[in-house]
Amino acid sequence: MVLRPVELRDGAWEQPLMAPGTGGRPGLWLVRAEAFRPVVARLARSVLDRLETERAAAFRKARDRDTYLAGHVGLRLLLGAYLGVSPAEVPLERLPCPMCGEPHGRPVVRGDAVHFSLSHSGGLCLLAFAATPVGVDIEAVPDLAVADEVGACLHPRESTELRDLRAADRPAAFARVWARKEAYLKGLGIGLGRAMSRDYLGTASGAAATVPGWTIGDAAVDDGYAAAVAVRC
């Protein structure tokens, strides 16, 4: 399957750039929750299912709820456009959990007609769509203390790379490698059930380390954020 172009004329949508730009590039979309709020108000009740509505209502902070709703309304609109069906009729289901086998794993389109991934952080939602398994992640750049503490849990080579950087550069480099790792693990369907120290993806800007069978690249989003997408070749 090859994803056909999708055009949604709304200032709340953007298409970030992915590097490297090779064959098999996924459809990649950035949704801004605040700008997307009028669309959510108009469509959420008609396109979201009961479980999505309940999960949105469970958020205590309005910003978190708005971001969730923006991501999931956007997801259904885009999946509907890719599949040629109404957003409310997108056939979503959940895979078995890779840890316990219960049916609360990652959501998929029934029959794998299109693969997708969704991530959100601080009012931004990043969505990826591809003909093969795909994972996406967006992260706010943390403060130095978080970068140093959590950076020690990464692959030994990555931890060394971070320690060798100037203090001012470490938070952005940490967010970059963390986004790459989460995107890759989401693509695998494992998530954080796999140790972050196991795979080397590198902290340097420009390109992630090569992983057999996968294309992993950074996505250009807002200042103060890092994002990445991983697509199975």
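Okay, let's start in a loop: Asp112 sits between strand E5 (107–109) and E6. Strands here, by the way, are DSSP runs of E, at least two residues, numbered from the N terminus. What we have is a predicted model, where local features need pLDDT of at least 70, side-chain atom pairs count only at pLDDT 80 or more, and totals for chains, interfaces and linings use all residues. Residues are numbered from 1 along each chain as its sequence is written, and side-chain values use heavy atoms, with hydrogens and water left out.

So, Asp112. Its phi is near 55°, which is positive, and this is a residue other than glycine. Asp112 is also partly exposed, at 43% relative accessible area; partly exposed is the range between buried, under 20%, and exposed, over 50%, with a 1.4 Å probe and protein chains only.

Now on to E7, residues 124–130.

Who are the partners? Pairing, for the record, takes at least two bridges found by DSSP between two strands. E3, residues 27–32, runs antiparallel to E7 and is joined to it by six bridges. One of those pairs is Leu28 with Ala128. E6, residues 115–121, is antiparallel to E7 too, with seven bridges, and there Phe116 stands opposite Phe129.

Last stop, the turn: E6 and E7 make a hairpin with two residues between them, and Gly122 in that turn has a positive phi of about 55°.

Methods:
Helix = DSSP H or I, 4+ residues; strand = E, 2+ residues; numbered from the N terminus.
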